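Try each task by yourself, then go through the solution step by step.

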Amino acid sequence: MNNTTAAYLPNLFLLKLVIIPVLSLDINNYFENLPAEAIPSISSTTTYRYQFGPNLSPEISYHLDLDLVQQQQLSGIAAASKKTKNNNKMATTQIQAQNNMETNTLGWHPGEISAHKLLKVTTSHRRNPTQQGLSYSHGYRVSESPIVALGTLDQEGNIWTTLWGGEKGFARPVARNVLALQSLLSVKGDPFLGALLQLDENNNALKGGVIKPAGEGKMMSGLSVDLETRDRVKLAGRVLVASLDNNSGESERAAVREIQLAMVVDEGLGNCPKYMNRKEIHAHVPNPTVIGLKGGLKLTNQALDLIEQADMMFMSTTNGKTMDTNIRGGPAGFIRVLRNQDGDDGGVILVYPEYSGNQLYQSIGNLQVDNRIGVVIPDFETSDVLYLTGETELLVGSKAAAVMPHAKVVVKIKVKEAGFVKDGLPFRGIPLDRSPYNPPVRRLASEGLPGVVGDDAEDGPVAIATLVKRDVLSPTIARYTFKLRNEQGRAIPAWKPAQYVTLDFSGELDQGWSHMREDDPQSLNDDFVRTFTVSNCLPEEMEEVTGEETELEITVRRHGPTTGFLWDYKFRVPLELPVLGFGGEDSFRIPTATGGGRSVFVAGGVGITPLLAQAPGLIKADVDFILLWSLRSEDLGVVVDSLQRIPGLAQRTRLFVTGVEAENAIEMVKGLGARATFQRRLLQQDVLAVKEGQKGTKYYLCASPAMQTILEGWLQGEDFVSESFGY
């Protein structure tokens, strides 16, 4: 590889089909027998091409071969075999074996159990969803992610985190439970690389060739991230072997080099997308300048500016036996600087709030038994990056509120060493949209104005929603009508059909740190920010809402504290809720243009809500669409209300009703003109029959997770999209 940065660009992550000749086990056969959905189809117009994994160097292939044989990392895959008529049978057997492996999960370690008790959640009573090894689904998701955060420990025991990648496919399974990464990176100032290769701060021990950790391998962890889809997969395991490109031309210490790394994956877990701000990632050739990597010094203005604008960071922790790398996101500025002084004057302390999440608390659990942490904070616009390592202190309840008012759980990071590298990352990102769950930034008590940052229009709510009406439609479902009011002179953005609104209930339900009640322990970690699909539409071509007479409706089932609060609310005084914004994918909106094929909306129960706002426009445009609606008889009131309020919807509706009152329910809706009603569950033939020979039929699915999984199984090979409530 040439020494000029321009020479790297055409070779950036060029991943080609290879069959590693030195492997005594048939890797090619392994990938041939993957299920079709596990191998993405790559367009010939993409900037890279890969099929079966990175183009591993001969050196790393040799060491990978030895370890795969000695450690039997390919257990469950037969040794090299001839391609015979039995290949299909072999593939089925391997897939079944892999599916069995995916159910082999781990327990909770003492730190996690301690965190669950401290934060008063019942997570320890549930099964730990972490899976052993690298499953097919996790491997595919990693290969579709353009970024992977990696964590490990250096010789002094400091934890460091870094970011590699730039394009999808740079990280990919090459054998069972083995992940290979091939990335361009800056060798200047990347402490993870220094920890991996045992470099000093001047890189004077940097040499090319193979790095083979002793024993079972060096402990490490990873997090693959696709910021466009908000998908992430956590990985924990060991460095098996790594190879640093040494063809650097004039200098052995070239600033930008290519690295290959093979990681044995012992554990994997797919995580929820909450608080991840969407970005479009593009590969970039870094031109690094190291500002500093020293301990005891206060952060520079460049580092402080990066922290102030950062809307996410990546962190690694350990419990001594394994590691965890994860992401923390929020609004820009959610990381606060509590202290920034030279070491003799107290050093550097950062603070960030732990928002309500999946309540696994795996990172917090690690910190309960080992308070070391490694953090990397990227600037996606400039490729600047800040590396930090230090020790943490977990603050809960009154201790958290004393540092950050209104926060219930806070993590303080006392920085031991820090390094800022200008233009040091191999990618850049274009902002798309923010997470609808981002709460407002919280100020530190020491900042003088405790409370919410952003009294200006940029950071405050986009509107205030006042509850004016509640219509109970069934024993558990109601429609709530709000009037919107402009806040601080801001224009209220107009929502589109099928989009959601994000409402902040914290002012009504957040009791603060002093109310860590045994009768409601989960309220400790609930930010009370919720999203609901808007069930009414605005006039066409309306780009913003003006006036105070605009109404917004949500139709929701009573489930949890916020919907229970709305259900029981007494209209003695007006209920006003901040509106944090609107959002939702265009892909779940049925096109209003005619002639594009039939659209089929499949709803389960209250999953009808995304269609309620779309249906009037679709009917007016005479769009060819059919509604398949499956629900229980006690929710019949929602059907009656919807068909009466939306003329023409009944003629496009087929109902599937179950429950003890199903027969009476069907009789009640026959007079509304429903196209067909059935006293039974929805079946696969019902879903497929509506195609009726139509070409270009597309399905839109909105149901409970269990029903949605069934529907997606029925529709394999069909064109469908689904609404996710994974937040």
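This is a predicted model: local features need pLDDT of at least 70, side-chain atom pairs count only at pLDDT 80 or more; totals for chains, interfaces and linings use all residues.

Residues are numbered from 1 along each chain as its sequence is written, and side-chain values use heavy atoms, leaving out hydrogens and water.

**Exercise 1.** Find out how many residues of strand E3 are buried.

Solution. Strands (E, at least two residues) are DSSP runs, numbered from the N terminus, as are helices (H or I, at least four). Buried means under 20% relative accessible area, exposed over 50%, and partly exposed in between, with a 1.4 Å probe and protein chains only. In E3 (residues 159-165), seven of the seven residues are buried, so the strand is largely enclosed by the rest of the structure. Next, take the faces: in a regular strand the side chains alternate between the two faces of the sheet. One side of E3 holds the buried Ile159, Thr161, Leu163 and Gly165, and the other the buried Trp160, Thr162 and Trp164.

**Exercise 2.** Work out how E2 and E3 are joined.

Solution. Two strands pair if DSSP finds at least two bridges between them. Here seven bridges link E2 (residues 147-153) with E3, and the strands run antiparallel. Leu153 has Ile159 as its bridge partner in E3. Five residues lie between the strands of this hairpin, where Gly157 takes a positive phi near 90°.

**Exercise 3.** Is Arg230 buried or exposed? And Asp622?

Solution. Arg230, in the loop between strands E7 (218-226) and E8 (231-244), has a positive phi of about 65° although it is not a glycine. Its relative accessibility is 5%, so Arg230 counts as buried. Asp622, in the loop between helix H13 (609-620) and strand E29 (625-632), has a positive phi near 55°. Asp622 is exposed, with a relative accessible area of 57%.
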